[in-house]
Amino acid sequence: MSNPFAQLVEPLDPKEPQKKFFNLSKLKDARYACLPFSIRVLLEAAIRNCDEFLVKKADVENILNWKVMQHKNVEVPFKPARVILQDFTGVPAVVDFAAMRDAVKKLGGDPEKINPICPADLVIDHSIQVDFNRRSDSLQKNQDLEFERNKERFEFLKWGSQAFKNMRIIPPGSGIIHQVNLEYLARVVMDQDSYYYPDSVVGTDSHTTMIDGLGVLGWGVGGIEAEAVMLGQPISMVLPEVVGYKLLGNPQPLVTSTDIVLTITKHLRQVGVVGKFVEFFGPGVAQLSIADRATIANMCPEYGATAAFFPVDDISIGYLIQTGRDKEKVTCTKKYLEAVGMLRDFKNSSQDPDFTQVVELDLCTVVPCCSGPKRPQDKVAVSDMKNDFETCLGAKQGFKGFQIAPGHHNSRVKFNFEGHDFELAHGSVVIAAITSCTNTSNPSVMLGAGLLAKKAVEAGLTVKPYIKTSLSPGSGVVTYYLRESGVMTYLSKLGFDVVGYGCMTCIGNSGPLPEPVVEAITQGDLVAVGVLSGNRNFEGRVHPNTRANYLASPPLVIAYAIAGTVRIDFEKEPLGINASGKKIFLKDIWPTRNEIQAVERQFVIPGMFKEVYQKIETVNKAWNALDAPSDKLYTWNPKSTYIKSPPFFDGLTLALQTPKTIEDAYVLLNFGDSVTTDHISPAGNIARNSPAARYLTSRGLTPREFNSYGSRRGNDAVMARGTFANIRLVNKFVDKQGPQTVHFPSGEILDVFDAAERYQQAGHPLIVLAGKEYGAGSSRDWAAKGPFLLGVKAVLAESYERIHRSNLVGMGVIPLQYLPGEHAGTLGLTGRERYTIIIPEKLKPQMNIQIKLDTGKSFEVILRFDTDVELTYFHNGGILNYMIRQMAS
């Protein structure tokens, strides 16, 4: 069927009539001119894909009527142009594809139909760990160890790149997925299938939103949802509200983009933007570089929005040229955006579209700050850090408290390290990491850190040798300009050698701390500190021995490393005293914005980007040497502890099973607020006394060979045992932190996996109770797959983070939500009751259903299937089951 909007098609350039685009300005409709630019991208995608099979003409009208329809839970399909994956989420996606091919074959279909239709790029960036630091060969040693640990995973991914068409693998050592996307993969405007249209992307990492800083609409989705997109399925979404975030003024000279994003994160958490788009506008945007905008867009998951969009302007076009993109394509990009009215002038208020709500920030009010000690939204001005930490020490256990007895606030423990005596106290910094996609993509803060390091070394300052310092750039370009500008030498002198190109400390791949340091922390029950330029600092994420973790700009990471403690007032106390006895204050070595910009203009040039990225797919010799099988069906190795055929499709038939009422379910876990995907499915070290460790030991592995949970996401036996295995888990059934729960039939306190296994053996269904913001954090599909394998049939929470709720839907786990104003406390729920969840025959999105307790009490909850498409997935037992049935039939 022809597209009903064919009258909008015209050539972008009369000299190239074969290159066409949908000219939305031809709509001549006042509604279009008022649309937020992010919604215009959705509209363009709908028009481009409009036919009777995928998108209806009515869907286009709904988007045009956004101002009204956003309040009516209207469902719209969105087919993104690309998918990006990283290896922690990419391995299970390829495992699922391999298993889906087997399932389709069993059902009599063609297994090769399981193949990406939507182009997918997979960047390997999550595997490398900081095992070696403070030495010139740290990078090579960490990369060698990465290959030694992950060779089997890498061989499997290389098989996937050959077995599946349309899937490209960017080898390890290339950089962090989001920076590679920003500097290399992103097109801004696609030139494909004879059409120009806006670039858009979904990714299996929550920080996919970073690309919104360049004007590419993108956000993170669950791995299982991404797999469906790769197979050609559009994303079905409720037409979002769009919050306009107006930026005014100029930042103060000492303020970094990190300070701005931490301020915005706290502000938007207070505003409440979960499930909404945020679009930035106002004259203040024109003061921000693309790297600054990308930093702000990157932390979108931390403030809870779906997307954080900066429309394309002339600064965006300049960035494409700076990063070495083809100049002819950049010219066409600008011409297309002008033609469809999507090139923004932030200084021209007449271009400001309508928004659902408008909030403002004057950039001149932002001050240097950090966030912590346990959540990214808990912003603390640097001037308040000392007092704030000391208040946290004695405060009740919680997001801002450690409940240390008053008499122990000044405890100190002496220890010997490499023949020298030192001491640790509460607030001592033991990890200082310049890490993460959030900041290492930004030349201003990276060069700022380098210039600060130069001044610190010249002033005679050092970093104590026991502090685990590291620098993990987001791409080879960063190392290039740090080296060429002459600051790399000074970073190395302070211990910030390049340790690898990957996420590393930010995702818990921080490696071990020195044993004397661990012993001192344990002996004194000390609240030791990690300071990192990352985006997340949830409990147990960075390192098991750092109970407090603060997010900070790269220059501040170095400053706190030099100080050795967060209990310092930089305005009144010196960073250190040099060999001449001179007190050196932070203000003495902090580089000015003019200094940083001068170095950036001189050394961040297009040639660097071209040189690094023209060889990105072939530069890793170890990857090139991997020998992977070429069969279209994967041959599973029953001895493997990394790659295992998952049980998700066992017994799958073409016929649908009618959903049944969940009867007399036990509560496996009873949570409070802000339970994150780090709590549900950890990515860091595998504790030696955990169910996963016992399983790996039974397979003949030693603790040295355990690797991390993230690296073993291709093995469901490990991941099921690692579900709810976070050492900082707070379960109301147990009176201390840890991955344990009560098995109610016996009354025993067991590891969560062991309790769930007993319930399953007895045929008892399970549910989880939770508070607000359940599932915050990373877009981990195993945070839904793991509970599914434990026998969890439903979750009842006060509210959900968007990606995790979507993942639960994708696995057939029912997300339930308390009615407004109600929660476990108001309903008098203890979690020790048995729950019967009534599932009616006819289901509607967001309908109320009834729960009956064995106490005789009953109450209503909201069924959080938000669209008809999600109900279709539920009836199929999950999104992947649905796709298998589609392909098999």
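Guide: Buried area is the accessible area (1.4 Å probe) that two parts lose on being put together, summed over both. This is a predicted model, where local features need pLDDT of at least 70, side-chain atom pairs count only at pLDDT 80 or more, and totals for chains, interfaces and linings use all residues. Residues are numbered from 1 along each chain as its sequence is written, and side-chain values use heavy atoms, with hydrogens and water left out.

Visitor: Which domains does the chain have?

Guide: Domain 1 is 6–78, domain 2 is 82–238, and domain 3 is 241–328 + 342–366. Domain 4 covers 369–611, and domain 5 covers 662–681 + 723–888. The bounds come from an automatic or database domain assignment.

Visitor: How many residues make the contact between domain 2 and domain 5?

Guide: Domain 2 gives 26 residues and domain 5 gives 23. Contact means heavy atoms within 4.5 Å. The C-alpha centres of the two domains lie 28 Å apart.

Visitor: And what area do domain 2 and domain 5 bury?

Guide: About 2000 Å² between them, with 65% of it on carbon and sulfur atoms.

Visitor: What about salt bridges between domain 2 and domain 5?

Guide: The count there is 1. A salt bridge is a side-chain nitrogen of Lys or Arg within 4 Å of a carboxyl oxygen of Asp or Glu. The side chains of Lys785 and Asp96 meet in a salt bridge at 2.7 Å, N to O.

Visitor: How many polar contacts across that interface?

Guide: The rule finds 4 residue pairs, both residues at pLDDT 80 or more. A polar contact is a pair of N or O atoms within 3.5 Å; within protein, one must be able to donate a hydrogen and the other to accept it, and residues adjacent in sequence count only if both atoms are side-chain atoms.

Visitor: Which element gives the most to the domain 2 side?

Guide: α5, with 6 residues. Helices (H or I, at least four residues) and strands (E, at least two) are DSSP runs, numbered from the N terminus.

Visitor: Switching topic. How many salt bridges in total?

Guide: The count comes to 42. Arg168 and Asp121 meet in a salt bridge at 2.7 Å, N to O. This pair links distant parts of the chain: Arg168 is in strand β6 (residues 167–170), Asp121 in strand β5 (residues 120–123), 47 residues apart.

Visitor: What is the phi of Ser674?

Guide: Positive, about 55°, although Ser674 is not a glycine. Ser674 lies in the loop between β26 (662–670) and α25 (677–680).
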